[in-house]
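Here are my notes on this model, point by point. Please read them with the structure open.

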Amino acid sequence: MVQETGVLPDHEIEVLVAEGAIRSDLALEAGQVQPASLDLRLAQDAYRLRASFLPGKDRTVAEMLQEPGVHMHRIDLTDKGAVLETGCVYLVPLQEHLRLPAGISARANPKSSTGRIDVFTRLVTNRGRAFDDVPTGYSGPLYLEVSPRTFPIMVRPGDRLAQVRFKRKRPDALKERVVSIDLEPPEGQPAGYRAKLHSGVVDLRGIGAHEAGQFWEPVYPRHGRIVLNPEDFYILVSRETVKVAPMEAAEMAPIAPELGEFRAHYAGFFDPGFGVNKGGSRAVLEVRSRDVPFILEHGQPVAKLIYEPMAAKPSGLYGGKGSNYQGQGLKLSKHFAL
């Protein structure tokens, strides 16, 4: 049954593709349409920006890039790819374009594996006044702002760093659930991992090809607590298991800032079916302290999940062949082998 509001499932996304509301330079690839989202692919160029920007209501992104001092140089990704360095901001055109019908809006988020390697991404649109949100009726290209924070990354055309959800209107009521941190692992096991600085390049196509010990060090709590070093990047795990029902989609969001000087989410989409066929899956959390050291204790609230209704049941649920994190506990991104 199709609802008047809610997140569009895979088969409705495929209808948008068939009707030309989602267009691409190349045909969509297998697995690009997820149960409640569409993976977005990098195109052939990247622009090294002087600083991040939003075009504002009167300009396109292309017009902004032509203004003096906005970008420093263009990078060709088509030969053997290119390394995007830490501490730099890049803007990459995407292969997908939108021509949204009235009543359909969209919202983007980094993919799980993107967040777990500490790559910050935001979607940019023509005449955009907010990152990641695409208003109803938008017609035009899409761009992705990419900023590696800890590891430089090797990228090529077609790589998928972000995903987008499509929504029919906005539901009146949303369900929320607070997520806390688990700092009481089984004896001898780490509670998380802290990223090592200056540890080498992560090749986005090197699945399982990077030795985890070269990039990460285990974190062992004392008496159920750890001290977050300012600006260090941590992979931790929720105390609670998470389930997302077939007629729901979820997104992780920050909780009130007065509960702690840290950020605990980067890649926040949870698809319908997440955790359902495994009795619940933990939520892996990307955590960074801001400005000062901060003591994090077992059971401390760190984020919240916002549940939204689906407009219809997906034809496939999370947990299928292409799902990397179903039934997970503490787990690094798919690029690393422990």
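**Notes on the predicted model**

1. Burial first. This is a predicted model. Of the protein's 338 residues, 54% count as buried. The exposed surface comes to about 15,100 Å², with carbon and sulfur atoms supplying 49% of that area.

2. Secondary structure and dimensions. The protein has four helices and 28 strands. Its radius of gyration is 20 Å, close to the 20 Å from the globule rule for 338 residues, so the protein is as compact as a globular protein of that length. The C-alpha trace spans about 55 × 50 × 40 Å along the principal axes.

3. Contacts. Take the contacts in the protein with a separation of 6 or more: 83% of them join residues 24 or more positions apart.

4. Charges. The protein carries 42 positive and 41 negative charges. Their mean positions are 1 Å apart.

5. An unreviewed UniProt entry lists residues 5-168 as "domain: 2'-deoxycytidine 5'-triphosphate deaminase N-terminal". In the model, the end C-alpha atoms of this span lie 5 Å apart. The span is 12% helix and 46% strand.

6. Backbone points to check. Most residues other than glycine have a negative phi. R127 has a positive phi, near 55°. D132 also has a positive value, near 75°. R127 sits in the loop between β10 (119-125) and β11 (133-134), and D132 is found in the loop between β10 and β11.

7. Buried or exposed: which is D132? D132 counts as buried, because its relative accessibility is 14% and the cut-off is under 20%. R127 is partly exposed, at 47% relative accessible area.

Conventions: Residues are numbered from 1 along each chain as its sequence is written. This is a predicted model: local features need pLDDT of at least 70, side-chain atom pairs count only at pLDDT 80 or more; totals for chains, interfaces and linings use all residues. Side-chain values use heavy atoms; hydrogens and water are left out. Helices (H or I, at least four residues) and strands (E, at least two) are DSSP runs, numbered from the N terminus. The radius of gyration is taken over C-alpha atoms; the globule rule is 2.2 Å times the number of residues to the power 0.38. Buried means under 20% relative accessible area, exposed over 50%, partly exposed in between (1.4 Å probe, protein chains only). Contact means heavy atoms within 4.5 Å. Accessible areas come from the Shrake-Rupley method with a 1.4 Å probe; for residues, only the protein chains shown count as cover. Lys and Arg count as positive and Asp and Glu as negative; His and the chain ends are not counted. The place of a charge is taken as NZ of Lys, CZ of Arg, CG of Asp or CD of Glu. UniProt positions are given in the numbering used here, feature names are shortened, and annotations may be inferred rather than shown by experiment.
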